[in-house]
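Welcome! Please take a look at the sequence and the structure below, and then let us walk through some of the details together.

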Amino acid sequence: MASLINSNPWSSHLQSSLSSLSPSVSTTTVSQTLRRIKTPTQALKFFNWAEAMGFSHNPQSFFMLLEIFGRNRNLNAARNLLFSIEKRSNGKVKLEDRFFNSLMRSYGEAGLFQESVKLFGTMKSMGISASVVTFNSLLSILLKRGRTSMAKNVYDEMLGMYGVTPDTHTFNILIRGFCMNSMVDEGFHYFKEMSRLKCEPDVVTYNTIVDGLCRAGKVEIARNVVKGMRKRSGKLNPNVVTYTTLIRGYCVKEGVDEALCVLEEMASQGLKPNEITYNTLLKGLCEAKKLDKVKEVLEGTMRGEGFTPDTCTFNTLMHSHCNAGNLEEALKVFTMMSELQVPPDSATYSVLIRSLCQRRDYGKAEELFDELSKKQILLSDRGCTPVVASYKPIFEYLCSNGRTKKADEVFRQLLKRGTQDPPSFKTLIMGHCREGTFEAGYKLLVLMLRRDFVPDVEIYDSLIDGLLEKGKPLLAQQTLEKMLKSSHLPKTSTFHSILAALLEMHCARESAILVILMLEKNIRQNINLSTNLIRLLFSEGMRDKAFEIVGMLHDNGYSIKIEEVVEFLCQIGKLLEACEMLQFSLRKQENVSIDIFNQVILGLCDINKLREAFGLYYQLIENGDHQQLPCLIHLKSALEVAGRSVEADFVSKRMPKHQLVDKSGKSRPQLRSCCTEC
């Protein structure tokens, strides 16, 4: 069934073929098929097909699909599946810790440790009990990213809040994690914790401590620890890994003679060196420039001592030749690998490409780079984990010569393997900026931030300027917001440029958000841009937001061109808003021409909004402005016609004598008393 799915696109014909193969779908069929399907897309379609055929998915089938998504970095699909399990199974399959553990590990392998931490928090808030496996996964992820303080807190929570007892694997993770972060003393602390919690160390525990000591340069202490293994328990004996670690430790300190002694001791204990042992020793000999000894060891192993040179062996030799400046010899070794059908890995290409770039032979370097990309060697789990920094010279060359897209393709292959390098992110982003592919640069910025790296000001400025140039102000605004979260404060002109572009594209909501952000960050406002924003908000029907921002601007010591806004409101028939804007100006004692008041009051009278017209005039008088308005005759007449005699009398008493005429055209005597009602 899996073979059929793997070799055909999903279709109704394929579904019919599957039905004929297995009219009733069993748990075994689903399990075996999911295990063998190659792509996550096909796996999901088979999963849905089985459900449609009446199969009730169980915890194992859900778990297997989660693992498939995780292995293939389909992390959004994995997350969506996780939180749909209970609904899809009608409550029959309950969420449990192993589902969360699977996605947590997948996030960690993709370098997204923050997502793992968030998922752990979600798990806690949902009341899902965390097991020792959960904590082991989270601790491993945190320590691999150097988050030692967070790891300590998680361990304390494990014991205290959750009451989960750590196992030997927990301590192995802790010891290795702290040792790898140059905190050997902390590693020993957790080794002692094992005795306190009555947790027995195993050979992995000892190998981990020996490794930590050797990395810290304390090789003699590490050798004493190895000697003490048997004293603790007769069952604990050093193994090949133990001795290989010691050999590496001595080689790093250029103690190749001691390393050879350890090799002899290993043989005396009846242990047979493996490929890693020999490759470690050969590397040490190469670095010590004892090439005659390298030849002797290689000849000895190939005479029947059970060791066949592998990829690592050839990489070690090429690295040694490159370091010695013998690039031609290194290329001969590369050719020999092909002849002996030894598969190259990332390290094979990186050492040669880097050396070719150093020699400025970029043509040959790019040729090997293209071969690496075409064969997708970086995506293979075989061989060592690629190091992004090793490819930085070729990235710099390609990005400086208009071929950033080519560099980007390989860089993304490296990211899929979970490897990280902030400088390479910058190299590619700046390359995209130079070539005008700013959106591609923005996507890399997002990936960079998801991996908890902080882009510098140059990256942000280049992307924002380019996105604005390309007419992408929304992306420019999102970039600016990310810049602020990275603790960089953009220039005032940057804010103004983005706001101007947003206004030009009539992005009212986003423009308002940006101005509010500017006020929060104490960024100087531009009166023309502020005025244009208020006009745009009113034209888009966002009156409440318009008045809110006008108030915020005033509270922060800024203003807008109120006369311009009021005239605009009159033009688009929003006289009530114009009236409210003038009332605001009176409350805040803003200077506005009396002609504007006259225009609005006349307009309000024309649309029979007499209460608002009189209210605006009354507030003007209350504010101490007794200038005569040409509109008073019209206002008074409209009030009289509407039967609002009290307001009409109030207006009449403030009119000049030449305006006081009755209906026959004769002058009316001016009233002596002042109306006190409105």
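Leu 18 has its place in helix H2 (residues 12-21). Helices here are DSSP runs of H or I with at least four residues, strands are runs of E with at least two, and both are numbered from the N terminus. This is a predicted model, in which local features need pLDDT of at least 70 and side-chain atom pairs count only at pLDDT 80 or more, while totals for chains, interfaces and linings use all residues. Residues are numbered from 1 along each chain as its sequence is written, and side-chain values use heavy atoms, with hydrogens and water left out.

Is Leu 18 buried or exposed? Leu 18 is buried, with a relative accessible area of 0%. (Buried means under 20% relative accessible area, exposed means over 50%, and partly exposed is in between, using a 1.4 Å probe and protein chains only.) Not counting residues up to four places away in sequence, Leu 18 touches Met 1, Leu 4, Ile 5, Trp 10 and Trp 49; contact means heavy atoms within 4.5 Å. From Leu 18 to Val 641 there are 623 residues in sequence and 85 Å in space, C-alpha to C-alpha.

Now for some helix packing. Two packed helices are described by the angle between their axes and the distance between the axes. Axes are lines fitted to C-alpha atoms, for helices over the stretch in contact, and the angles run from 0 to 180 degrees between N-to-C directions. Helix H15 (residues 219-232) packs with H16 at an angle of about 165°, and their axes are 10 Å apart. That makes H15 roughly antiparallel to H16. (Angles under 35 degrees count as roughly parallel, over 145 as roughly antiparallel, 65 to 115 as roughly perpendicular and the rest as oblique.) The residues that meet include Val 219, Glu 220 and Arg 223 in H15, and Leu 246, Gly 249 and Tyr 250 in H16.

H14 also packs with H16, at an angle of about 0° and with the axes 9 Å apart. That makes H14 roughly parallel to H16. Among the residues making this contact are Val 210, Asp 211 and Arg 215 of H14, together with Thr 245, Leu 246 and Arg 248 of H16.

## Tyr 250 in H16

Tyr 250 lies in helix H16 (residues 240-252) and is buried, with a relative accessible area of 4%. Which residues does Tyr 250 touch, not counting those up to four places away in sequence? They are Val 219, Glu 220, Arg 223, Gly 255, Val 256, Glu 258, Ala 259 and Val 262. Gly 284 is 34 residues from Tyr 250 along the chain, and their C-alpha atoms are separated by 8.3 Å.

## Salt bridges

How many salt bridges does a search of the whole structure find? The search finds 33, where a salt bridge is a side-chain nitrogen of Lys or Arg within 4 Å of a carboxyl oxygen of Asp or Glu. One joins the side chains of Arg 176 and Asp 211, at 3.3 Å from N to O. Arg 176 lies in helix H12 (residues 168-180) and Asp 211 in helix H14 (residues 203-215), so the pair ties together parts that are 35 residues apart in sequence. Arg 176 is partly exposed, with a relative accessible area of 39%, whereas Asp 211 is buried at 7%. A network of salt bridges links Arg 176, Asp 211, Arg 215 and Arg 248.

Arg 543 forms a salt bridge with Glu 580, and their closest N and O atoms are 2.3 Å apart. This pair links distant parts of the chain, with Arg 543 in helix H33 (residues 543-555) and Glu 580 in helix H35 (residues 575-587), 37 residues apart. Arg 543 is partly exposed, with a relative accessible area of 29%, and Glu 580 is partly exposed at 30%.

## The largest nonpolar core

A nonpolar core is a set of buried Ala, Val, Leu, Ile, Met, Phe, Trp, Tyr and Cys residues joined through side-chain atoms within 4.5 Å. The largest one has 216 residues, of which Phe 395, Ile 534 and Met 581 touch the most other members. Helix H31 (residues 508-520) gives the largest share of this core, eight residues.

Leaving aside neighbours within four places in sequence, Ile 534 is in contact with Ala 546, Ile 549, Val 550, Ile 560, Val 565 and Met 581.
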